[in-house]
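Notes below, in the order I looked things up.

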Amino acid sequence: MRKKVIAGNWKMNMLPNEAIKFIEDFAPRVQNTSNEIILCVPYTNLFYSLLTSQNTNIKIGAQNMHWEEKGAYTGEISGQMLKSIGVEYVIIGHSERRAYFAENDETVNKKIKSALQNGLKPIVCVGESLEQREAGNQEEIVKNQVKLALEGITNNSLEQVIIAYEPIWAIGTGKTATSNDANEMIKTIRKEVASLYNEETAQKLIILYGGSVKSENSKELFSTSDIDGALVGGASLKPDEFAKICLSV
Ligand code: PGA
């Protein structure tokens with residue numbers, strides 16, 4: 001049985017005092033779940049969030065990192081830096097980073113490798129655009145993203161990796177993929193991983209769905225065969241709503 005994982009992606013939202021208030025309100029609501037609960041917060045909130053979530057079951061993640069350890073990369077944060085303050089997870093290759101910050105399959109692959117070398121667990125985002133889906137290319141696009149992202153990652157290291165399938169047309173739009181469509185794509189990803197590695201590894205891999213997940217649709221999404229949880233944007237900004245999602249499985 002794969003564990004259920006629910007990760008919030010706060011994107012560029014929340015000031016430190018808001019993050020602290022959120023966690024103080026949210027933590028007691030989810031304290032009894034055995035699901036893995038992750039909050040991926042802006043860099044400026046990492047330290048406050050780590051301190052406030054001590055002695056809770058909430059894990060803290062970042063939303064991006066650079067693949068080099070250190071050096072002349074003004075404005076960047078490395079995996080080593082994240083690890084040094086106690087961060088456990090990092091989102092890599094979110095479609096907003098691919099669209100606005102020149103992230104591509106090659107940088108995604110380098111970042112995953114660096115995250116793993118630094119003992120961080122990458123949450124790797126893949127997903128097709130509306131155009132690609134309308135052209136019927138979504139499976140090829142997503143399979144290729146997965147293949148390029150995982151190039152050179154060993155079987156053992158893959159146990160630390162989470163994949164998030166996030167169709168771009170469903171992010172922040174209120175349009176969710178049907179639970180059946182999302183589940184089918186996640187099965188396709190699992191098959192691709194089985195062909196790149198082996199069936200056992202593919203069965204162990206945690207694959208999330210993301211894109212307009214809310215408490216009204218999370219239960220149905222989580223009841224499918226292959227969706228192991230969610231990466232939640234907008235609905236992770238409210239403690240009661242995000243807690244409902246975390247507890248809906
Ligand atoms: P959303 O964002 O839940 O607001 O659609 C999901 C994401 O971008 O990870």
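These entries go from the overall sheet to the strands and then to the cores.

**Ground rules.** I'm working with a predicted model, where local features need pLDDT of at least 70, side-chain atom pairs count only at pLDDT 80 or more, and totals for chains, interfaces and linings use all residues. Residues are numbered from 1 along each chain as its sequence is written, and side-chain values use heavy atoms, with hydrogens and water left out.

I found a closed barrel of eight strands in the order 1-2-3-4-5-6-7-8, with parallel pairing. From one strand to the next the twist averages 25 degrees. Strands here (E, at least two residues) and helices (H or I, at least four) are DSSP runs, numbered from the N terminus. Two strands count as paired if DSSP finds at least two bridges between them.

**Strands 1 and 2.** I looked at strand 1 (residues 5-9) and strand 2 (residues 36-40), which pair in parallel over five bridges. N9 sits opposite C40 of strand 2. Helix 1 (residues 16-30) packs on the sheet and touches strand 2 and strand 3 (58-62), its direction making about 135 degrees with that of strand 3. Contact means heavy atoms within 4.5 Å; axes are lines fitted to C-alpha atoms, for helices over the stretch in contact, and angles run from 0 to 180 degrees between N-to-C directions.

**Strand 6.** Which way do its side chains point? I162 and A164 go one way from strand 6 (residues 162-165), I163 and Y165 the other, and all are buried (under 20% relative accessible area, 1.4 Å probe, protein chains only). Four bridges tie it in parallel to strand 5 (residues 121-126), with A164 as the partner of C125. Another four join strand 6 to strand 7 (residues 206-210), also parallel, and there Y165 has Y209 as its bridge partner.

**Strand 7.** I checked burial here: five of the five residues are buried, so strand 7 is largely enclosed by the rest of the structure. I206, L208 and G210 point one way, I207 and Y209 the other. Two bridges join strand 7 in parallel to strand 8 (residues 229-232), and G210 stands opposite L231.

**Cores.** Which residues touch the most other members of the largest nonpolar core? I189 and Y209, out of 63 residues. Such a core is a set of buried Ala, Val, Leu, Ile, Met, Phe, Trp, Tyr and Cys residues joined through side-chain atoms within 4.5 Å. A second, separate core of 13 residues includes A7, I162, A164 and L208. Beyond four places in sequence, Y209 has contacts including Y165, P167, I186 and L231.

Methods
Buried < 20%, exposed > 50% of the residue type's maximum accessible area, 1.4 Å probe, protein only.
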